[in-house]
Structures are given as structure tokens and as C-alpha cells.
Protein chains: 2
Amino acid sequence: MRSRLTSIFRQKSTSQFLTVGLTGGLIAGYLFSKHKPIVHAESKTSIIIGERKPALPTFSMTEVAKHTTKENGYWLAYKDGVYDVSSFVENHPGGKQILKTAGKALEACWKVFTIHQIDHVYEILEEYRIGNLPPGEREANAKAQEEVLDLFQYDPERINANENFFIRSERPYNAETKPSILVSSFITPVENFYVRNHMHVPFVNINEYKLEIGNEKSAYSLSYDDLKDKYQSYTITSAIQCSGNRRSAMNNEEQGTVQGTPWYVGAIGNGTWTGVKLRDVLESFGFDKEGKHVQFIGLDCDTSQRCYGASIPIEKALSDDVLIAYKMNDEVLTTDHGYPLRIVVPGTVGARSVKWVNRIVVSDKESDSHWQKADYKVLPSSIKQPQQVDYDREPALQEFNVQSAICYPASSEDGNKVKILSIKPNDEDIKNQKLTIKGYAVSGGGRQIQNVQISIDHGKTWFQTELEQLAQPYMGAYAWTLWTYRIPLNDLPSKPFDVMCRAMDTHANSQPDTPLGIWNIRGVMNNSWHKITLQIDQNFPKSKNQNRTD
Amino acid sequence: MRSRLTSIFRQKSTSQFLTVGLTGGLIAGYLFSKHKPIVHAESKTSIIIGERKPALPTFSMTEVAKHTTKENGYWLAYKDGVYDVSSFVENHPGGKQILKTAGKALEACWKVFTIHQIDHVYEILEEYRIGNLPPGEREANAKAQEEVLDLFQYDPERINANENFFIRSERPYNAETKPSILVSSFITPVENFYVRNHMHVPFVNINEYKLEIGNEKSAYSLSYDDLKDKYQSYTITSAIQCSGNRRSAMNNEEQGTVQGTPWYVGAIGNGTWTGVKLRDVLESFGFDKEGKHVQFIGLDCDTSQRCYGASIPIEKALSDDVLIAYKMNDEVLTTDHGYPLRIVVPGTVGARSVKWVNRIVVSDKESDSHWQKADYKVLPSSIKQPQQVDYDREPALQEFNVQSAICYPASSEDGNKVKILSIKPNDEDIKNQKLTIKGYAVSGGGRQIQNVQISIDHGKTWFQTELEQLAQPYMGAYAWTLWTYRIPLNDLPSKPFDVMCRAMDTHANSQPDTPLGIWNIRGVMNNSWHKITLQIDQNFPKSKNQNRTD
């Protein structure tokens, strides 16, 4: 039990309350209480749906409950609204999970999976509106939601998370690092590292925990200590990035709004990862001779035992660089980052770095999980509704593309909402008569960043930024690059102006000017030039003692 | 001698005159005649330089001849002009070759290296104008040029080359394939394959030819037959692309004109290559244990024995895919394509696939050739004159980026000069009521093309094209992709309209919208969306029997 508690304890170390030496029993009792308080407010939407529409027919919950099959269609209710989502089922970003709500009211599900509480999900649902509930049934449904099982009882407390993160959803927990925090250190501290959970955080009894390694014919298992003791350990520095990072900037008037968590620039972090090589483990059991893919299955499973899963090509799995990691930044993994073991696939979209890994399977097939088969794919731009997709035609994302973003100056407000950032240069900038701009850049597949350039005239002229990067092997540049440029204050317009950045990797891959050529309905892999709009405070440079407001 | 003649003979096989069974002696006598006729016209420029400028001082050739050192400066003459090119020497795209003309008239050199006879070279030279020659000296210089050694005496005859190629320079020979020919077959026939020579084609006596393999300490050699007999042969299908392909489209009004051969879309071809693995050869001599780079040195050397050279990282050299090739499309290499042996580095810019390879050196250092150290690099966009560059800071190009181009419909006129292409749909298109658009796409490093999309509304909406591609291994997709889309004729505007294409590889790399973010003074790696402007013939669809004009 010690290891688990150590891990949880470490993760909680920002809390004064928890660092004063409580006994294991007390901590466990507190942490695993079913009714621990949720600190953060729920996500909010600006759209109101489910209100009564007098022009539509009325269907009772009894009628709704009859529609739970492909033949009868899938109906559900939300507030006063009745919906027929039959034609949406195949395209639900969360897969067939949606079927569990068929014939029922959505309130209970959305109370748990708060990820749905965003504008575009509301908009999609209302498209499928077919009628109203009779008076009184809405209230009955609202009461029922209180009784739902809290799948998220083992999610850790995340104290003061709003200071470091923009929280995109509480359940599952999705939180991105605020931009100015991202560039404040080359290694992103664990407590600042973005979290992208697909379901709840699973409970792990480390004494019972086993990692299973197998193929279609046979399987072996390793305990946590076996894995650490029997294989050589390695540490690599690698960024991990969600394939939806910068999704919100893919929306545009010409092509429309994409679907998914509206990440700004912070669904990325740069950490050190310590663990054993996946290759060594596969070789030790003779599983390196056959198979085309290596699948990873997590412990984060829903009530029907559908678990998070993903796979990578065998060539990558047998490369030098894929780890089964037990430490992040030299400390035991926290529960939010995959305790006790997670996969780290450097240079590849975060979705393949499976957390809480439970099983590793060498196979001729890719993972058949929803997240491998029907999500995390770049669909053609012509697809405006996921309904239209033959998912099997489109390859699963593996390596990510070349990316960069401006992170400083930045607002502490949600970057998606800041139209013009009004800034007062700080003391150092006033002294240097230069405005400091900072950001990150990274490319996939171990390709190093060659340069990052910024422009304040929409790309006509570019300034070469200074790079902070590690010396890394050829095709092994997995750590990110931080960059800095200082624009002479005299060169800055007094009116609002755009700052844009774009990176190029050493393989001549670069970022597209706009999202136009890469737009896809799921909003993944947006690496168009990042742009922020700045307005220099009018009193500058007279007010030399004022600090920058962010 | 048989092998060489066979090779040369094959290359000439399009000539009726040469296929009727002349004796070896006759052929040799004809081919190696110093004064064989040059079939094609010299390149032309629209700019006139070297005319007398009365406001400038007069310097005699005697005075010019004193300026041949760093201390005294480097002067030269052209027509009536005198030039001080001291500050240009370091930035000459052809390296220190320029020093040979110091103190002399340029006419003789440029008569041989006709690559200089393009507008932007003329413009650069005239920037360095300092004076005039005295009357009469221009004529004396013109006469002297007739006596220059013809370095190009072993270049093959290239009969009717204008039918298949846009010839960018005769000496060295640089010719790109016409676009509609490029997409007429998945494998580009040898006689249609673009040629990018850096100097003359070297003479090879195959009985004396040896390939040297070594490092700083020791070296071994292999004859042509040794190489073919002692190692297993492999055949791969791979595109080879010049890093300057599509250079001309990088020019834009905001950022200026780039320097180098103004390739349109045809400095690329897709061939099969048969040879032995570089890795096998290195391993057989024990040269696979040390070193960071593998250098290749060609037989194409100038009179001071400066030879073409390049290098690749050891990791790539020891990969599965780099060949020492002796066949192209299942036939012995032609002299223009590197007879007797050339390197083929798939997925990497053509400059590293050294032709006429003579020496292979494993080293801790990159090749110190001009083409590795000071050319074929993506310089920062802020560099407007190569003078400003610290070349050592910029990495040598290796893998190329994701690329695509529209090749059909196309004009047989130089694509750089066609502003609006007027077309009459062909019979098949009229029958289908669709306009056929075709092109190619390719990405570097063995990354497969995932999709190619075209747009006729500047990227707002995109159509998914049909792809013709090989099934290839993960990270081993070196062959190009051909693509086709048929636009319903009813969807086409009657006014001129732009068609644009862009590709994405399976690693989510895509092409930038414009050259703005990738502009570099040497004009390499332009992979911005390719655009052509079409005008449908007004008489269509009445004149159903007319053929498309191209």
C-alpha cells in the first residue's frame, strides 16, 4: 500500500492540509470517500437547450424508453426535450457509450461526463430534437440524476487547479496549462502538466497490480516491482501533446466549427520519463518476432468494461524510444498521469501514450478501441458531419506534425476568449526597450526544430527567434524547443497588431499559414500559424514602473 | 570497354542514327569528339548587362588582372563592364569556382557554364559594376572564349530533349520533365526523367573504374563487377526530387525573388533503382561501427579537382534503404543519371543521391563540399542576401517535405510563363461531363501520402482526389503518389479560375498555403499549395470533337 499512498501523497503535495503527516488510513479514508467535494465549478455553456417547443409533439418517458434498438431508433430526453439520435450514434466522439443513455434522460450521464457541457455539443443535440416531454417528467429526471454512481470517486483532488489550468471539463478531467506557465520552465512541473483523461481515474491496489504482456496465443504478467527490478531503466526527455492541441483555432468562418474539447495552446507539456524500454520487455518474452501492432489497454474502463486503448506500429514499439514509464520528472507517477505505469511514445500523439496501462498485446491488428478506430484521425476536409465517414479508410494518427505557439505575453483568462491582449511592458522590457515574446515549438517523430520565426506584418517579414533546446540524437529530438524574441519597442504599432509564429523542423516540414488546408471536423493536428493580437498600453513608455498585466 | 559502350549506346537508343549497328570505334570516335554539335539553343535572358556606362571610370584588362587575391579584391570583366565581386565570393552558389574567373573576362566561363545565363544572375553581377573596359578589349575577350577547354565533351547527346523537357541550362545540363509527361506513367521512363547535373558528365573507363570505400584510417576498393557480384542486389521504387523543385513559385511580390535554377514542377521523377545496400558494403569492410556521416564523392570534378560531394547521417546510411545503384528502371544507368554507379538515398533531397560515385567515406564530419556546406540549406526568411549567412549554423537538407503539384492539364510551354491556361476538354471529359485534373504527391523520409485535396475556391472547400500508390512498408513509402480528380463541368466558372492542390502525409505534415512562411533566398523546399489558372474554352461544350490544347 505504501507505494500507492506515496504516489497519491506526492501528487497532493501542493495542499498544506495534506502535507502535515496524516496517517495512511486517514488519507485513504479521505481520498476514497464517495462524496469528497468537487472543488471546481462545472463547465458552463452559453446555449440553452431542452426548453419546451410548443410546435413539437409530446412523447412520454415511457415512449422514449421504447427506443433503445437499431430497429426502433435511439431516443433520449434532456430537460423538456425529446431527441432521436439514431443517425448520430456512429459518430459520437465517445463511441457506443452513447447507447447507454438510449431510452433515458441525459441528465444523469451529463452530470458525470461534464465534458458534454459545451456549446457545440448542445448545438449538435438540439439538431436531433423531435418533441417535448409531458409536464412534470423533467423534474422526475432531474431527481434521478442524484442517484447515479460516481465513477469518478477515485479521481484525485486537484487543489487550486484553476491557478495553473484552463479546465475544459471536470469529468473526465481535462485541463490545459496556462500559456505563460508553459514557457516558464523547460521541464513542465508535474503539477502544471496538462491532463487529458478519457474516463475516470482508476483505483489501483499496487500489491495486486499486474501488467499483462501477450499476443493472441499466450500472455505473461509482471508485478510493478518485477518491472522495475528486472529491466534496465532509462530516462528520456519528451514532450507529450494531445492531438487536439490548438483545436479551437481551427474554427473559421469559411469552413465551420470543429468538434471536440476546445483546447487553446496548452494541451502539451515537456517532461522527463523514467521507465523500461517496451522493446526490452517484449524481447524478454519473445514477443518481438511477430505482429504488426502493439496494443495498450488501460485500467480506465467504464461500467461495461470498455477500457481506454490504443496501439502503435510494431516498428515504433521496437525502436529505442518507447517506454513503460513509472516516473515523471524523477518522481513516482501521479494518479492523473497514469500511476502505476503508463506508456510514453515520444514524438507521437498523446492518445497512444496510454495511462494506467494494464495489458500490452502484440497483434496483427490495431487496437479496436474507439480512440484508435474512430477518433484521433484526420478526416478529409470535405467531411462536415462525422456520419459521412468510412473510418477504416483513414489512418490512425501516430506521429504529430510540426507545431509552435506564442505563450508570452498571455492573459490568465482563457486564451480562446481573449480577442485583444492589452499589455504594459514589464520593467526589464522597458529597460531593454524591447518587448519579450516567448513560446514553444515541437515536431513529431523525433525531428528537431530548425527555426522558429515571428512576424508582425502577417508573414511578409520574419524575425528569427532564439532557441532553447537539448542536443538530441538524429531522429531522437523528442523534447520541445522554447524560443524567445525581443521586438524593439520602437517597431511596435500603437494600434492593436498581430504577432504570428511558425516553426520549421530540420526535415523542412513547416506550418500552414491558416487552418484552411488542414481543417477537419474532429479538429485534430491544427498546426496553422499561431496568432495573438496585442495592444500596447497607451501610457507606455512614460509609466516605467508599471508591471505587465496578465 | 563493352560495358561503358553498352551503357552509352542504350542512352542513345532514341536516335535512329545510332541504333543501326555502328562499330564501337566509330561510336567512341563520334561521342568523344571534342567538337560534337550542341543541339539545343543556349539559355536566354531578358536583361542586358555589361554595356558601356559613360559615368564610370575605365580599367584595362591589365588592371583587372591585378585583382585576384583577397587583399587586392576580386575583379572581373564582362562585355564592356568591369566588376568587383569581392563581397560576393563567399556567397557564390557555385562556391569558390568563381575565383577562377578573377582577373579575367567572364565570357569564356559563361560560355561553358551556361547556367549563369539567367536574369537573376545578370542582375546580381550588375550590382557589382565598378567601371568600363577601354574600347577594343571586349572584342579581344570574345575571341578568347573560343579557345576554352570544353569540359563538357563527354556529355551525351540529348536528342529531341525539348520534346520532354524544359531545359534550364545546357552546361551543366539541367532539364525538368514537362508536367503532363510526368503524370503519364507511374514509373518515369529514363528518357523523361529530369536531369540535374552540377558540372559536366565525367568520362568513365569501366575497366579501370574503382569504387573506394574508407574512413580516415583505411580504404578499400571494389570494381564495378565486384560490387555487382559480391553483394546481394535489391530493387526499390523511389522518387528522386531536387530540393529546388517548384523554386520559381517561391518568388512573390512581398518577399522578392529567390536565387537558383527556376524549376517549375518537374524536377522530380519516380524510378526503380537496383543495386546493393550501402549498409551491406559498409559492413563488409567493418565501416559500420564508427562515424557520424557517410560522404559520397563523385567523378564530376572541375579542372582543379574539386568534385561534387555530399553526405548523409550514419543512421540513414545504415538503414535498410540506401542503395549503391547500377540500374534505373531495370536498365544500366545512363551517363546523365550516374553511370556506372550512383547513390540513391530515398526520401532525401536529390543532392545527396550522388551520381558517378567514386569514393564513399565514413567520417565524423559532414562532406565539406560546397553543396553540403553552403547550398541546399533552408536559410532563415530574414536573409535577403547570402552574404549575411553563417552557413555553419544552418543544417544541410536531408529528408524533403510533403509536396504535391498539378500536372494535367498543362501547357507544353514553360509552366513558369503560363499565366492562364486556356483548355478545351477532351472527348472523354466531354463524354463524362467532367474535367480531369491530375498530379503527383510525395513526402520525405518514407512517409506515405494520406490524401491530396484540390480546391477551386482558394481553399474554402476541398475535393478529395483518387490516389494511385504502392503498398509500402511503414516509413518506407518512397515511391510517389499519382492522383486524379474529375470536376463536374457544370461546377466550373466561365471566367478564369484557380485550381489548387495540397497533400497531407500520414504523419499529419501538410503544405503551407503560400510561400510566405517558408521563403528562403536559395528557394529550396517550396511546398506551398500549387496553383494553376484555367480558362475553359468558350465554345465548349458545343464543339465536342475538339481536342484539348496543350
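Okay, let's start with a term: buried area is the accessible area, taken with a 1.4 Å probe, that two parts lose on being put together, summed over both. Here, chain B and chain A bury about 3600 Å² between them, and 51% of that is on carbon and sulfur atoms.

Quick housekeeping. This is a predicted model, where local features need pLDDT of at least 70 and side-chain atom pairs count only at pLDDT 80 or more, while totals for chains, interfaces and linings use all residues. Residues are numbered from 1 along each chain as its sequence is written, chains are lettered from A in the order in which they are written, and side-chain values use heavy atoms, leaving out hydrogens and water.

So, who takes part? The contact (heavy atoms within 4.5 Å) takes 42 residues from chain A and 42 residues from chain B.

And how many salt bridges, meaning a side-chain nitrogen of Lys or Arg within 4 Å of a carboxyl oxygen of Asp or Glu, are there between chain B and chain A? The count is zero.

Now, confidence. pLDDT is the predictor's confidence in each residue, from 0 to 100. Chain A averages 87, with 88% of the residues scoring at least 70. Residues 1-43 of chain A stay under 50, though the model has 73 contacts for them beyond four places in sequence. Residues 542-550 of chain A are also below 50. Overall, the model scores ipTM 0.79 and pTM 0.80.
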